[in-house]
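Biologist: I would like to learn how to read a protein model. Could we go through it feature by feature?

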Amino acid sequence: MTKKTSSGVGVFAIGVFFSAILSWNCQVFAAGFGVFTQGASALGQAAAVTAHSDSPSTIFYNPALLNDLEGTHVEAGTTLFFFNREFKSDADGDTHEMEDELKYPSTFYLSHTFNDKLAAGVGVFFPFGLATDWKDDWEGRFISTKAEMTTYTINPVISYRPHPRVSVAAGLDVVFLDATLRNKIDFGGGIEGSQKFEGDDTGLGYNLGLAIQLTDKARFGMSYRSEVELTIDGDAKFSNIPGALADLFPNTGGKADLTLPQQLTFGLAYQVTEPLIVEVGARWEDWSSFDELRIELDQLVAGQSESITPRDWDDTWAFNVGTKYRVNENLALLAGYLYGNNPAPSSTFDPSIPDSDTHLFTLGADLSFGNVTVSLSYGFQKQKDRDKNNAIGTGFATESGGANGTYKTEAHLFALSIGYQFL
């Protein structure tokens, strides 16, 4: 093996590490996969809750609605994600399934209304993340075997009502990111190495909210969450490297810049009848800010200290509709639908995040027992089949391993939230 070939292996391998981090920000119905399941009642309405809410989870969706909540509210919840993801290879026609892995991002919210004009609260949630986990012997193992990223956000907010029909809000996002990534390295001749990356960082952003009561039955809501700039700083470790190449693959630190995208959400809620409210909404996410991946390494890996990979992602839109029907004072029924497009163009699509356009169908219920509210909901997410037909993963030590073929994804979401109101 020549130095030129091994250098190509090194550049690609390290590039995959950070590419997985920077692209692993959209999974579960924000742009195909950011996490917008931040409360069971909201999930039951397909997140169409920007213009109406009676839950403190509105800290995430639109904090300007906090003024509608009386007294003090506390809510905790979780969502269970079950993914069915498979890949059918163009090379040999074989089908590979992703390893089964249960994820359960959880939330906590606390809110308090001081008077008719002022309310405040704090939320803890997970706005970006989840994972892919492929078997170690699958065709695309040189691109990714495991990609896992979690972001923890602490979001204190304050809401003010300057006019009986208008509320505004502002808050601070404190974001903690943690990532672990693995993939194989192909040295040719059936010789394969392994690499692992672990990194983290902390960043700051902010969010804003607006709610306007247009008529006695109609309300407009708008929510904005800023971008958050992070620098992923961590360590890359290599194993099973052939002895002759060991010096070219030292364990080393590295970093790459990451910008979590800004988001803008709109909603229009209408009280059709006394028990029935319907909301339609839209969400824009600024994924076009991710135009390239630039990696800096503390030590040379296969003779390289820097790698630049084009990503060329696009902005995305999602559109949703949700309904809430109050049967009686103890039971409300929920239903919703969401459609969202994805940011990754065909030229840079890869299996570290096999994203595609998404349909989400949801059902749920709010159950009230005095001051206690229990929300249960279910969502079925169907992603459009996505074909990979590009050179990512090929052309270094061998021409195999590109994992070109068809990717299919379905997901089942089960959410539970329990809230208590102190009057």
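Biologist: What percentage of the residues of the protein count as buried?

Modeller: First, some ground rules. This is a predicted model, in which local features need pLDDT of at least 70 and side-chain atom pairs count only at pLDDT 80 or more, while totals for chains, interfaces and linings use all residues. Residues are numbered from 1 along each chain as its sequence is written, and side-chain values use heavy atoms, with hydrogens and water left out. Buried means under 20% relative accessible area, exposed means over 50%, and partly exposed is in between (1.4 Å probe, protein chains only). Here, 56% of the 423 residues count as buried.

Biologist: How many helices and strands does the protein have?

Modeller: Helices (H or I, at least four residues) and strands (E, at least two) are DSSP runs, numbered from the N terminus. The protein has three helices and 23 strands.

Biologist: Which residues is serine 111 in contact with, leaving aside its neighbours within four places in sequence?

Modeller: Contact means heavy atoms within 4.5 Å. With those neighbours set aside, serine 111 touches Pro56, Leu66, Leu69, Gly71, Thr72, His73, Ala120 and Gly121. Serine 111 is part of strand β5. Its relative accessible area is 3%, so serine 111 is buried. For the protein in general, take contacts between residues at least 6 apart in sequence: 70% of these join residues at least 24 apart.

Biologist: Is asparagine 320 buried or exposed?

Modeller: Asparagine 320 has 10% relative accessibility, so it counts as buried. Asparagine 320 belongs to strand β18. Its contacts beyond four places in sequence include Ala46, Glu279 and Tyr337. Asparagine 320 and arginine 283 are 37 residues apart in sequence, and their C-alpha atoms are 8.6 Å apart in space.

Biologist: How many salt bridges does a search of the whole structure find?

Modeller: A salt bridge is a side-chain nitrogen of Lys or Arg within 4 Å of a carboxyl oxygen of Asp or Glu. The search finds ten salt bridges. One joins the side chains of glutamate 192 and arginine 141, at 2.7 Å from N to O. Glutamate 192 is in strand β10 (residues 191-213) and arginine 141 is in the loop between β7 (129-133) and β8, so this pair links distant parts of the chain, 51 residues apart. Glutamate 192 is partly exposed at 28% relative accessible area, whereas arginine 141 counts as buried at 17%.

Biologist: Which parts does the salt bridge of aspartate 173 and arginine 225 tie together?

Modeller: Their side chains meet at 2.8 Å, N to O. Aspartate 173 lies in strand β9 and arginine 225 in strand β11 (residues 218-225), so the pair ties together parts that are 52 residues apart in sequence. Aspartate 173 and arginine 225 are both buried.

Biologist: Which residues do salt bridges that share partners join into one network?

Modeller: Start with aspartate 366 and lysine 324, whose side chains form a salt bridge at 3.2 Å, N to O. Aspartate 366 is in strand β20 (residues 358-369) and lysine 324 in strand β18 (residues 316-328), 42 residues apart. Aspartate 366 is buried at 3% relative accessible area, and lysine 324 counts as buried at 8%. Salt bridges with shared partners join Asp54, Lys324 and Asp366 into one network.

Biologist: Which residues form the nonpolar patch on the surface?

Modeller: Patches are made of residues with over 30% relative accessible area and no salt bridge; like charges are joined within 9 Å, and nonpolar side chains (Val, Leu, Ile, Met, Phe, Trp, Tyr) within 5 Å. Accessible areas come from the Shrake-Rupley method with a 1.4 Å probe, and for residues only the protein chains shown count as cover. The nonpolar patch is formed by Phe108, Leu110, Val124, Tyr152, Ile154 and Phe176, with about 460 Å² of accessible area together. Strands β5 (106-113) and β8 (146-163) each supply at least two of its residues. Isoleucine 154, in strand β8, counts as partly exposed at 36% relative accessibility.

Biologist: Which residues gather in the patch of negative charge?

Modeller: Lys and Arg count as positive and Asp and Glu as negative; His and the chain ends are not counted. The place of a charge is taken as NZ of Lys, CZ of Arg, CG of Asp or CD of Glu. The negative patch on the surface gathers Asp178, Asp200, Asp233, Asp235 and Asp298. Aspartate 178 is in strand β9 (residues 166-188) and is partly exposed, at 39% relative accessible area.
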